[in-house]
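User: I would like to go through this model with you. Could we start with the overall fold and then turn to the helix packing?

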Amino acid sequence: MPPRQLGLLSFGVLVVTIAILLVAFFPDWSTILSLTLTLYGLWVIVLAVIRAKNPAKYERGAFSTLIWGILLLAVGGAWYLNILTEGNILYSVVLLLVIVGILAVASALPSMRKK
């Protein structure tokens with residue numbers, strides 16, 4: 001069985017995402033960067049599902065990949081929310097705190113089930 005090319009696939013997804021966002025939002029660089037983070041976070045979550053269905057011996061685990069995807073999604077979403085609310089940082093901070101709280105609970109649950 002040939003090795004999976006997930007790194008090359010991820011690079012391709014990133015390049016296509018940036019190209020589409022450049023066409024859609026060209027003069028607004030902060031929107032392009034925030035949406036790139038958000039959409040790439042969604043892609044990393046998809047990668048976590050792929051890794052959960054087909055685990056490889058020397059790859060990062062699916063749960064760890066999922067956590068990174070959620071963090072990228074949260075940071076990009078909070079940044080974009082800050083842009084949409086014209087600098088009102090309260091909503092961005094609330095979003096980040098809720099995501100960090102959910103991640104803390106999700107990380108604690110597997111260790112509680114083993115006991």
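User: How many helices and strands are there?

Analyst: The protein has four helices and zero strands. Please note that this is a predicted model. Along the sequence, the pattern reads α-α-α-α.

User: And what does the C-alpha trace span along its principal axes?

Analyst: The span of the C-alpha trace is about 45 × 40 × 15 Å.

User: Now the packing. How do H1 and H2 cross?

Analyst: Helix H1 (residues 6–25) and H2 have axes that come within 9 Å, with a crossing angle of roughly 150°. Angles over 145 degrees count as roughly antiparallel, so H1 is roughly antiparallel to H2.

User: Is that crossing left-handed or right-handed?

Analyst: The crossing of H1 with H2 is right-handed.

User: What about H2 and H3?

Analyst: The axes of helix H2 (residues 29–53) and helix H3 (residues 62–84) come within 7 Å and cross at roughly 160°. These two helices are therefore roughly antiparallel to each other. H2 passes H3 in a left-handed crossing.

User: Which residue classes make up that contact?

Analyst: The contact of H2 with H3 comprises 20 nonpolar residues, nine polar and one charged.

User: Changing topic: which residues form the nonpolar patch on the surface?

Analyst: That patch is formed by Leu90, Val94, Val98 and Ile102, which together have about 360 Å² of accessible area.

User: Where is Ile102 placed?

Analyst: Ile102 lies in helix H4, which covers residues 90–113.

Terms used:
Residues numbered from 1 in each chain as written. Predicted model: local features only at pLDDT ≥ 70, side-chain atom pairs only at ≥ 80, totals over all residues. Heavy atoms only, no water. Patch = residues over 30% accessible without salt bridge, like charges linked within 9 Å, V, L, I, M, F, W, Y side chains within 5 Å. Areas by Shrake-Rupley, 256 points an atom, 1.4 Å probe, with all protein chains shown as cover. Salt bridge = Lys/Arg side-chain N within 4 Å of Asp/Glu carboxyl O. Axes fitted to C-alpha atoms, helices over the stretch in contact; angles between N-to-C directions. Parallel < 35°, antiparallel > 145°, perpendicular 65-115°, else oblique. Left-handed = near helix turned anticlockwise from the far one by under 90°. Nonpolar A, V, L, I, M, F, W, Y, C, P; charged D, E, K, R; others polar.
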